[in-house]
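User: I've never read a protein structure before. Could you walk me through one, feature by feature?

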Amino acid sequence: MESYLWLILFIVFLIFEIATLGLTTIWFAGGAFISFWMSVAGLAFIPQLIVFFVVSFALLFTTRPLAAKYLNKNTTRTNVEELVGKKVKVSETIDNVNETGHVMINGVEWLARAQHDGMVIQAGTQVLIMEINGVRAIVQPLSILNGPVHGKEIYNEESHQDKA
C-alpha cells in the first residue's frame, strides 16, 4: 500500500515541478522515487519516510545550486537598484501635474517624476534618483536635498546655485 503513496507523491511532485519550474519539488520527487523502490522491496514505512527526507534534502542542498547555475545562466539581471542614488540631468521639464518629464540615465531616456507633487524641475537641472517606481525614476533636485519642499516650486540650476 505504501508503494502507491510514494508513487502518487512522486507524480504530484513532478507535476508541481513542471508547473512551476522552481527547481524545488523535483528533489522531493527523487526522495519519493527512492522510497517507492524501498516499499517495493518490502522495507518498513519508517525507514522509507526517513530515506525520503534524507534523500530529498540531500538532493535539494547539494545539487540545486549547481542545477540553478546552469539552467539560469541566460537570465538577464536588470540591476535597477543600482540606479538609486545616481546623479542625472533632466532632459525634459518634470511636472507631475501635467505628467511630463524625462531624465537621461546611462544614455537612455527614462520617464521621470518629482518626489514631491507640486514641484516643477526644469530641463538641465541635476537631480538625484531617489527610487525607481516601475518605469519611472523618482527624482529630487540636488540643490534642495537638505531642505523641505512646500507648494508649487520651480527649480533650475541657475536659480538655486547660491542655496546649495
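User: Let's start with strand pairing. In what sense do E1 and E2 pair, and over how many bridges?

Analyst: Keep in mind that this is a predicted model. To read a pair, look at the direction of the strands and count the bridges. Here E1 and E2 are antiparallel, with 4 bridges between them. One of the facing pairs is Val90 with Val103 in E2. The hairpin of E1 and E2 has 4 residues between the strands, and in it Glu99 has a positive phi near 55°.

User: Which other strands does E1 join?

Analyst: E5 is one partner: it runs antiparallel to E1, with 3 bridges. Lys87 stands opposite Leu128 there. E4 is another, also antiparallel, through 2 bridges. In that case Ile94 faces Ile121.

User: And how are side chains arranged along a strand?

Analyst: In a regular strand, side chains alternate between the two faces of the sheet.

User: What about the whole chain: how many helices and strands are there?

Analyst: The chain has 3 helices and 7 strands. Going along the sequence, you read α-α-α-β-β-β-β-β-β-β. Of the 164 residues, 32% are buried.

User: Which residues have the most contacts inside the largest nonpolar core?

Analyst: For a core, look for buried nonpolar residues joined through their side chains. The largest one here has 17 residues, and those with the most contacts inside it are Ile94, Val103, Ile105, Ile121, Val127, Ile129 and Val139. Strands E1, E2, E3, E4, E5 and E6 each give at least two residues to this core. There's also a second, separate core of 12 residues, including Trp6, Phe52, Leu60 and Ala68.

User: Let's zoom in on Val139. What does Val139 touch?

Analyst: Skip residues up to four places away in sequence, and the list includes Ile94, Val103, Ile121, Val127 and Ile129. Val139 also touches Arg113 and Gln115.

User: Now one from a helix. Why does Glu2 count as partly exposed?

Analyst: Partly exposed covers the range between the buried cut-off, under 20%, and the exposed one, over 50%. Glu2 has 31% relative accessibility, so Glu2 counts as partly exposed. You'll find Glu2 in helix H1, residues 2-20.

User: Which residues is Glu2 in contact with, apart from its neighbours within four places in sequence?

Analyst: Those are Ser39, Phe45 and Gln48.

Definitions and conventions: Residues are numbered from 1 along each chain as its sequence is written. This is a predicted model: local features need pLDDT of at least 70, side-chain atom pairs count only at pLDDT 80 or more; totals for chains, interfaces and linings use all residues. Side-chain values use heavy atoms; hydrogens and water are left out. A nonpolar core is a set of buried Ala, Val, Leu, Ile, Met, Phe, Trp, Tyr and Cys residues joined through side-chain atoms within 4.5 Å. Buried means under 20% relative accessible area, exposed over 50%, partly exposed in between (1.4 Å probe, protein chains only). Contact means heavy atoms within 4.5 Å. Two strands pair if DSSP finds at least two bridges between them.
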